[in-house]
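Please look over the sequence and the structure below before reading on.

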Amino acid sequence: MSSGPKYKRVLLKLSGEALMGGGSYGIDPETAARVSREIKQAREIGTEVCVVVGGGNIFRGLKGAAEGLDRSTADYMGMLATVMNALALQNALEKVGVDTRVLSAIPMASVSEPYIRRRAIRHLEKGRVVIFAAGTGNPFFTTDTAAALRAAEMNCNALLKGTQVDGVYNADPKKDRSAVRYESLSYMDVLTQDLKVMDASAISLSRENNIPIVVFSIHAQNALVDVLQGKGICTTVGEEQ
């Protein structure tokens, strides 16, 4: 942790599944604590961090819609799940001494602040970690798209996606041992090859705002800080070189 960060301000996108640990549902306190320690290390090397967290460990809107729920209703239920995850992550971060604020796109004054762009930027400037909850606040948009939107609004230098694997592969590495990891890709590579990095709206939004997407494993020890210092194992999605 001796060298400075490659990125001054980043948005970290966490899936809800990243908080499950070894379980099949819900939030694992030990996993939330480990992720919080990694975020704390990122702050200690000088990177401003904001977070968008998904809700798939509690409720997934698309799955609910497939089972007969109205799509808008299912998506709103998924947004509420992201608020639960955001509060759990805030609690874990504050336990390790990191000043944190949760800003929700759906107003919930009793448990979070409303999302106001200038307020969020001010929190970051004061050294706080900002967690964005409830996606964009609109149905039919994923938390990936919310992450790309907030990264652009916060003037982030990069969008970091913490996943279950250490980058983007040409096949599922859990099913295909011959799968090859890409070191770098262009935005168009991801779109034309339909690589499952983030949804097309998130990729397009990142491309329009020239925000690189860095995909890495959230489960690897010190992976977040390593990526921030430009030495971690990851795949970077950006403009053609």
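This is a predicted model: local features need pLDDT of at least 70, side-chain atom pairs count only at pLDDT 80 or more; totals for chains, interfaces and linings use all residues.

Residues are numbered from 1 along each chain as its sequence is written, and side-chain values use heavy atoms, with hydrogens and water left out.

Begin with the largest pocket. A pocket is found on a 1 Å grid over the protein atoms alone, as an open set of points where a 1.4 Å probe fits, with protein on both sides within 12 Å along at least five of seven lines; lining residues have an atom within 4 Å of a point. Its volume, the space filled by probe spheres set on the points, which are joined across faces, edges and corners, is about 1200 Å³. The lining of the largest pocket has 47 residues, and Lys13, Arg60, Asp144, Lys161 and Val197 lie nearest the centre. Among the elements that give two or more residues to this lining are α2 (61-66), α5 (143-153) and β6 (158-163). The largest share, five residues, comes from α3. Here helices (H or I, at least four residues) and strands (E, at least two) are DSSP runs, numbered from the N terminus.

Next come the rings. Rings of Phe, Tyr and Trp (its six-membered ring) pair if their centres lie within 6.5 Å; planes under 30 degrees apart count as stacked, over 60 as edge-to-face and the rest as tilted. One aromatic pair is counted by this rule. The ring centres of Tyr115 and Phe132 are 5.6 Å apart and the planes stand at 80 degrees, so this pair is edge-to-face. Because Tyr115 is in the loop between β4 (113-114) and α4 (117-125) while Phe132 is in strand β5 (residues 129-133), the pair ties together parts 17 residues apart in sequence. Phe132 is buried (under 20% relative accessible area, with over 50% exposed and partly exposed in between; 1.4 Å probe, protein chains only), at 2%. Tyr115 is also buried, at 19%.

Two single residues remain. Ala134 is in the loop between β5 and α5 and is buried, with a relative accessible area of 0%. Leaving aside neighbours within four places in sequence, Ala134 is in contact (heavy atoms within 4.5 Å) with residues including Met79, Thr82 and Ser104.

Thr47 sits in the loop between α1 (29-44) and β2 (48-53). Thr47 is buried, with a relative accessible area of 0%. The side chain of Thr47 reaches the backbone oxygen of Tyr7 at 3.1 Å.

Terms used
A polar contact is a pair of N or O atoms within 3.5 Å; within protein, one must be able to donate a hydrogen and the other to accept it, and residues adjacent in sequence count only if both atoms are side-chain atoms.
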